[in-house]
Each structure stands twice: as C-alpha cells, then as structure tokens.
Amino acid sequence: MPKKHALKIVILIAIVLRLVMLFTFSDIFNFVGAEGIHGSDAYDAYAMNLLETGVYGRTAGEPDAAIPPMYSYVLALVYGIFGRGFIQLGIFHILLDTLSIALLYDICRRIFTEEKYLWGEKIGRWVGLVAGLMTACYPYLIFQNLTLIDTPFWMLMLTLFVWVVVLLREQETLTRKTWLIAVCAGLALGVATLARSITPPLALLVALWFIFKHSIWQSFIRLVPVALMSILCLVPWIIRNYQIFDAFVPMSTTSGGNFWQGNSPFTIPVFEAGYDVQWTAPEVQNERLSREADAERFVLAWDYLNDNPEQIPRLLWTKFLVQWSIEITPRKNPQEGEIFALDEHGDLLIVRGDGSLIGLNDANTAYNSGLVDTVGRPVHVIYFGTMLILAIIGIVLSIKQWRNVSILWFVQISMTLMYIIFHPSTRYRSPSDPLLFAFSAYALVMIVYYWQKRGELSA
C-alpha cells in the first residue's frame, strides 16, 4: 500500500463497498413510495413537513418535540437541495462515513504517540489506517448507514467532537488558535447533543481527561468556551420548546418513555427473549404523544424502581449484556399484529391484538427473515466478535499510554452508562464502534510489530 495514498485507499474502499451495497439492494434502500422505510420513517416525515410547512412536527403544521431535531433539519436541507431519494440520501451518508473515517485516522495518529515504527511509519499512523479500514469494512454500519436513519450523522458528530478535543488538549499555550478550537469543540458538542441527547456525560469525562495532562486551572480555562458554546447551541431549541409546551423541555418529549422502557416490568423479560423494549408502552392518562404523558411514564419508571429495588442489579446487568452483545440486538422483531403482555409470574407473552405497536408495513418485520437474518446476523457475530476480542487485547497492550488513550475509554464508558440507564441496542451503540476499533487496530498493529521485531532479532 503506497504510504502517501494509504488513507485515500481506505476511504476509496469504504465508498466502493457502500455504493455496491446501495445499488445491489436498491429495493431495500429505496424508501420513496415504499410501504415500509428501512431506518425511521419519523425523520422522513419531519423533514418533509419542515419543507412543506416550516414547522417541526410529525404531523404537518403541528409543532412537537418527539425526537431530537438536528438530523431532521439536516435531512430537510438535503431534500431541499438534491431532492428526496435513496440515491441522494445514500451518497450523503457515504460522505458522512468517509469524514468519520478520516477523523478516526487522525485521532489514532495523535493519541497513540509511542516512538515505535512499523515499515518506516509511526505506530499511530498504522493504527489509524487499520481502524479506518475496519470501519470501512464493518458490515453492520455499511447496511445501517445506508438506511434513512440518524446513525451516520451522529457518528460523525461524536467522532468530530473527540477529534476537536484531542486538538484542544494538544495546545500548550492559550493562543487565538486555542480559543478557536475550543469554540469549534463547543459547536460540535452542541450539534451532537441536538442529534442525540446522550453526549453531555462524555463532556464531563473529557474534563477529567484534560486534567491528566494540564492543571485543573488550565483545563478549566480551555473547557469553559466549549461549555458555553454548546449551551448556546441548545438555547434556541429550549426556548422554542418552552413557547410550545409552557414548560422546560431541554430536548424531547420521549425521554420519559425511553426511561420507562428501560426500567419497567417488561424490560428484563423482553430483552431476555431477544426483543427490543421499544415495542412496549404503559397506559397513561394524558394523550399518548403529549409532554404530560411522557412525564407520567417517567414517574411510572421511578415508581417501579422504588418498589422493586432488588431488580435494579439484574436490570443493569441485562441491559449491559444487550449493549455489548456480539449479536445484532434485538435478535427478534415482533410481527404485524403481535403485542407483548406479562403473565402472573412476570414472564413474557406474545399475543395477537388490535393494539399492536407494529404497523402493517413496518420495515422491522422484514428483519426476521431473508439475507438480514440468514447472512447478516452470523457475519456480524464473526466480525464484531473478532473486533471486540482484539479491542480488549488492545486496551491491555496500550495501558501504559493511559493518559492519552483514556479518551477512547471514556467514549465507551459514557455511552454504556447512558444506555443502561435508558435502554440499549446495537443501533444505539454502533456509532461509537469505530472508536472502539482503534483498540482493535492497535492490537493487530502491535502483533505485527512484535512479529517483525522477533524476525529481526532472529536474523
């Protein structure tokens, strides 16, 4: 592989693999006129309504805040400029993936700084190239990021935030460049939060990571602009929500529902049966999609935890296993007309009923059969399972560099904590997988490095 073109070749591989997938399975990805959209039809509806009415809402002309807004606005921009179509969307998502790979390469190059060389190049550069190649060839993300979903956008914003804070931490003095990088880091954090509201805990761990290199005061000075800029990004959305709901709604009106799904009598039996808790919902007094109903769900979840404290360890462990499963989770999806119920022992029952949360044309029902089930799932087990084993080895091998590489630990720790508080799935974890692959790549590179050194010694 020519040294000066190595990253370009990795990015080219990523583009080719995704284009082949996009056009080979165009019947899956072509959401225009399709009965079921692979990904989320909600984002499509919000984007279309934004273009037609200028109002952010699932129902045209009726404002709401059911999901974080950023990706829907970006999608509306893509539709407005290039039109609504799966090719336009696929190419846009491929562009986001290539940017994420380029940033991942530079993150690895900057944090794996030990003075070791492989074939004339520093170890860090090889780690970045191999991590980028692992991401480029990751079957789950190739498929997932070609559907109509926020995953590629949020993956880019997460990787961008990590990259910018790596740059900020490298600055030894407080110059104009330092302040500019800090503002960019705050902007990345704010936009990432508007895409998925799980990023702030990572920001707190980033502050700890800065202290590993700088003094508390120097870290504070660098991170204040980051915090202020990220808050400024959120203010317009918070004001907008207050005007609509006459209440403080920092992000969405589904956080209570998500919290209930991850902390309810259904959580353990549904996850253990291989399904996703997104298909569960409690009975509430207020209108189902209202802010008041979401607040009810939050209270119901707290009541469940308060009444069943003995279940909390099992709840956390069950969700942890789902978060880090080498299988694609959920392993099963309910079919049309099926609903979940619990018997008198709290065991899961799947029954037929008129109140099913699964619509007749929901694309999720297709994931129980066909290539996704017979080929995709086993391939994922082999691929991600191998990457996870290598990542564990890489974490151990890189432990002496903990002051630098711990930023990658903190990404995984913060994502895991957030999702075991709410509820996990492979789709939710996957945007952070490329940053996990940095350790997988390090393990592989170091194995080759030690093999090369052994050969030199025996020669």
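Biologist: At what angle do helix H8 (residues 151–170) and helix H17 (residues 402–421) pack, and how far apart are their axes?

Modeller: In this predicted model, H8 and H17 pack at an angle of about 150°, and their axes are 12 Å apart. Helices are DSSP runs of H or I with at least four residues, strands are E runs of at least two, and both are numbered from the N terminus. The axes are lines fitted to C-alpha atoms, for helices over the stretch in contact, and the angle, from 0 to 180 degrees, is taken between N-to-C directions.

Biologist: Why is H8 called roughly antiparallel to H17?

Modeller: Angles under 35 degrees count as roughly parallel, over 145 as roughly antiparallel, 65 to 115 as roughly perpendicular and the rest as oblique. The angle here is about 150°, so H8 is roughly antiparallel to H17.

Biologist: Which residues make this contact, and how do they divide by class?

Modeller: From H8 come Trp154, Leu158, Val162 and Arg169, while H17 supplies Arg403, Asn404, Ile407, Val411 and Met415; contact means heavy atoms within 4.5 Å. These residues comprise 6 nonpolar, 1 polar and 2 charged. Here Ala, Val, Leu, Ile, Met, Phe, Trp, Tyr, Cys and Pro count as nonpolar, Asp, Glu, Lys and Arg as charged, and the others, Gly among them, as polar.

Biologist: What makes H1 (residues 6–24) and H6 (residues 123–136) roughly parallel?

Modeller: Their packing angle is about 5°, with the axes 9 Å apart. That angle falls under 35 degrees, and H1 and H6 are therefore roughly parallel to each other. Among the residues that meet are Ala6, Leu7 and Val10 in H1 and Arg125, Leu129 and Gly132 in H6. By class, this contact has 9 nonpolar, 2 polar and 2 charged residues.

Biologist: How do you know that Ala188 is buried?

Modeller: Ala188, which lies in helix H9 (residues 176–195), has 4% relative accessibility and therefore counts as buried. Buried means under 20% relative accessible area, exposed over 50%, and partly exposed in between, with a 1.4 Å probe and protein chains only. Leaving aside residues up to four places away in sequence, Ala188 touches Met157, Leu160 and Phe161.

Biologist: Why are Trp119 and Asp246 placed in their accessibility classes?

Modeller: Trp119 counts as partly exposed because its relative accessibility is 46%, whereas Asp246 counts as exposed because its value is 59%. Trp119 sits in the loop between strands S1 (117–118) and S2 (121–122), and Asp246 in the loop between helices H11 (216–245) and H12 (255–262). Each has a positive phi without being a glycine: about 55° for Trp119 and near 55° for Asp246.

Biologist: What makes H12 mostly covered?

Modeller: Of the 8 residues of H12, 6 are buried, including Phe259 and Trp260. Their cover includes helix H13 (267–272), helix H14 (291–307), H15 and H17.

Biologist: Where is pLDDT under 50, and what is the mean for the protein?

Modeller: Residues 356–366 stay under 50, on a confidence scale from 0 to 100 for each residue. The protein has a mean of 91. Where pLDDT is low, the predicted coordinates should not be read in detail.

Biologist: On what conventions do these values rest?

Modeller: Residues are numbered from 1 along each chain as its sequence is written, and side-chain values use heavy atoms, leaving out hydrogens and water. In this predicted model, local features need pLDDT of at least 70 and side-chain atom pairs count only at pLDDT 80 or more, while totals for chains, interfaces and linings use all residues.

How values were computed: pLDDT is the predictor's confidence in each residue, from 0 to 100.
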